[in-house]
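Please read it alongside the sequence and the structure shown here.

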Amino acid sequence: MTMALDPTVHDGLVGTPEDALDPGAPSSSAPGDGPAAAVPRAAVSGRYQATVAGWQVELRVDVDGDRPTRRVSGDFFATTGATTSYFGSFVVDTPEITETPALVRVRGRGRFTWGATARLVTVVVPRVPAGAARAPALLRFSTVAGDPAPGGPEAAGPSATFPCAFASPWFRTVVWEQDSVAGAVPLVSYDTGLLPRPPGVPARVLGVTEAYADAGVQLLSSGMVNVLPLSEAGAGTSPRWSDSELHNAMAKHFSLFADAPRWQVWLLVATAHDQGYRGIMFDYADAFQRQGCAVFYDAIKGEDPASRRAALRTYVHELGHAFNLLHSWQKNGASPPAPLGPNAGLGDLSWMNYPWRYEPPPPAPGGEQAYWSAFPFQFTTNETVHLRHGFYRDVVMSANPFGTGAADTELDPEVFAEPVADRSGLALELRARPAFAYGEPVVVEIKLSATDLRGTTTHGYLHPNDEFVSVAVRQPSGRTVLFRPLLRHCVDEDRRLLLDPGRPAVYDSAYIGFGRDGHLFEEPGRYTLRAVYSGTDGSRVLSAPTELRVRRPLTAEDEEIGDLLLGGEQGQVLALLGSSSDLLRQGNTALDTVLEEHAGHPLAVYARLVKGVNAERDFKDLGADGVLRVHDAEPGESIRLLSEVEQASTGAGGVDNITLNTAMRTLAMAEARAGNPERAREVTERMVDVFAQKKLNPAVLETIRQQAEATAAAVTALTGEEPPARREDIPGQRKGESAPRSGAKRSARR
């Protein structure tokens, strides 16, 4: 028998008799059962629900069962007429828990998303025999004195007693949709008994759904995996996916649904990323945030146990981002910040750490082998708390942005605080032009150098998209925000670079003018920027502040072209280095207007850049019918536009040097696509000349030479035509004599 919780009404509030809240209340047992303590009892943890007086309540009780976090939490939704809206959430982090054979009573002060005055939360759950139907839980809010708070939701939110029926043993339930591009085979599972594992970790067949079930989250498959074929027009298309194509696929997929929070997530199994990543999370501005991710089959395939184990970690990791879980070393950069695990988070044994970044406190060994030797195939305790008890909008897909909790996007000052001591052997420098025109894309150069002449080894991932470098921007208003990219790359690859006198520094550039939070440099005025780099060992290397100014437009044309570049869709096109998505049609139209009506303006170079890069590549367009259609590249258009970018940038104007490097290598590949391999190689040779004339550091120039050679090799691979022999390659050929060659006349510039 179970304790009755029939609702009665007291003073206008829905409730139950007060003795139901008494942990000493007697329990009933069936005749012949003996003492209640001797009867095996079912666990009480799980999800409970109620609909009472215009409120829908979801209560989560987490006090027993698998990995209990000893908390209760809940969400409130207000119903008005035929509509229901989210109202707020609460959690009790450190309650007093009383367990008797008859019931479990949880009591403590709650944290609320609204200005509640009835902050004392009491939950009572009767215990039932194992196998019996679960009894309802009683949820009550009260003041310290024990009386319900006066007033309605406007004053304190719901203040009452709610009988909540048992709904599920799971704390959250999420529908998981999975699509696979033709040629990419989705992972099914990994047998943890096939490779050495930590003591106490059982051998079992573990898949993505089981990994989340361990955290109390139910992943329900939406059905069979959909295989997305290429249309006939796409035969021979590169299997590699660009950020632009992935962004379009995500936007198209979620445009089929209302842009509203819902427990639904999408995972795309694509063939390969054009930069070699294992996975990315889709996260673009203002809509559809944290609703999907992609993994790349070519980077994670393999039937051997080690490959399947690593692939499972990639799947669980990328989906974790959709639940608003950050990388292990980034949690203190969330808003509000979360505590870091051992060794600034690098010592976390979690799905959200990278195996190659695993670095527990000394003297314990780190690295991939050490990670797998100790990894228990589960989320950490604080990650489990987030998945089970995070405030609704912090966890549900398409609600609060990635990395943002209940607070605003202001930064934790400790993330960018000066270290007391820095023995990392590294220095970080953030460079930017001192002034930008109104609407001009803000691009920064990031330099990481060695300060120890003996050399320092590090990973060298410098682009903010890779999430090892964070850039903070103090705007003219005084507000400081973090640049957060549209798509987040997971660089789950152990890359080690030795910075020493032979290679003292590495460089990258990043467009930080537009990210998930929109445009960061819309207003004229002074901005202060600062960056922090997370090293291989967890060192936090801070740059000095750098300032830049966004000038006010001087002419009507300046203002018009600035406005054309500052639209939301234009920002996405710029951030993606071009897109053929019809969902960004207005952004592309604005850039076309720049080229048609303001071709001579200095800022037109940016429109030429993104449209020129985009024209060099095919564009895979995932339609609502699940078929991939391909827009063919336009190499002739790419050649025209990028040649103009080169001409505008060889001197002091135009784009920055690293962007020019990218533009010229893309120009070479466009020439190759157009059937001009010799002209393509001329571009690679000319590229070295252009940068030599800019008087760059010899080590930087040597890197550019290597990039030029790699691009020339890619031209050969694309066209199948070997380059003509160089003079120095021909035995007996004297300098100054002509070497035999075929095809177009070769440039004399070397």
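The structure is a predicted model. The protein has 750 residues, of which 55% count as buried. Its secondary structure comprises 16 helices and 38 strands.

**Overall fold**

**An enclosed helix, α7**

- Helix α7 covers residues 381-389, and because seven of its nine residues are buried, the helix is largely enclosed by the rest of the structure.
- The buried positions of α7 are Glu 383, Thr 384, Val 385, His 386, Leu 387, Arg 388 and His 389.
- These buried residues pack against the strands β4 (55-62), β5 (71-80), β6 (83-92), β13 (172-181) and β16 (217-221), and also against helix α8 (392-395).

**Packing of α9 with α11**

- Helix α9 (residues 556-565) packs with helix α11 (residues 585-597) at an angle of about 150°, and their axes are 8 Å apart.
- Angles over 145 degrees count as roughly antiparallel, and α9 and α11 are therefore roughly antiparallel to each other.
- The crossing of these two helices, α9 and α11, is left-handed.
- On the α9 side the contact is made by Glu 557, Glu 560, Ile 561, Leu 564 and Leu 565, and on the α11 side by Ala 590, Leu 591, Thr 593, Val 594 and Glu 597.
- Sorted by class, the contact of α9 with α11 contains six nonpolar, one polar and three charged residues.

**Packing of α14 with α15**

- The axes of helix α14 (residues 657-673) and helix α15 (residues 677-692) cross at roughly 165° and come within 7 Å.
- This angle makes α14 roughly antiparallel to α15.
- The crossing of α14 and α15 is right-handed.
- From α14, the residues in the contact are Asn 657, Leu 660, Asn 661, Met 664, Arg 665, Leu 667, Ala 668, Glu 671 and Ala 672.
- They meet Arg 679, Ala 680, Val 683, Thr 684, Arg 686, Met 687, Val 690 and Phe 691 of α15.
- The residues of this α14 and α15 contact divide into 10 nonpolar, three polar and four charged.

**Cysteines**

- The count of disulfides comes to zero, where a disulfide requires a pair of cysteine sulfur atoms within 2.5 Å.
- Cys 490 is in no disulfide, and the nearest cysteine sulfur, belonging to Cys 293, is 9.0 Å away.
- Cys 490 counts as buried because its relative accessibility is 2%.
- Cys 164 likewise counts as buried, at 0% relative accessibility.

Terms used
Residues are numbered from 1 along each chain as its sequence is written. This is a predicted model: local features need pLDDT of at least 70, side-chain atom pairs count only at pLDDT 80 or more; totals for chains, interfaces and linings use all residues. Side-chain values use heavy atoms; hydrogens and water are left out. Axes are lines fitted to C-alpha atoms, for helices over the stretch in contact, and angles run from 0 to 180 degrees between N-to-C directions. Helices (H or I, at least four residues) and strands (E, at least two) are DSSP runs, numbered from the N terminus. Angles under 35 degrees count as roughly parallel, over 145 as roughly antiparallel, 65 to 115 as roughly perpendicular and the rest as oblique. A crossing is left-handed if the near helix is turned anticlockwise from the far one by less than a right angle, and right-handed if clockwise. Contact means heavy atoms within 4.5 Å. Ala, Val, Leu, Ile, Met, Phe, Trp, Tyr, Cys and Pro count as nonpolar, Asp, Glu, Lys and Arg as charged, and the others, Gly among them, as polar. Buried means under 20% relative accessible area, exposed over 50%, partly exposed in between (1.4 Å probe, protein chains only).
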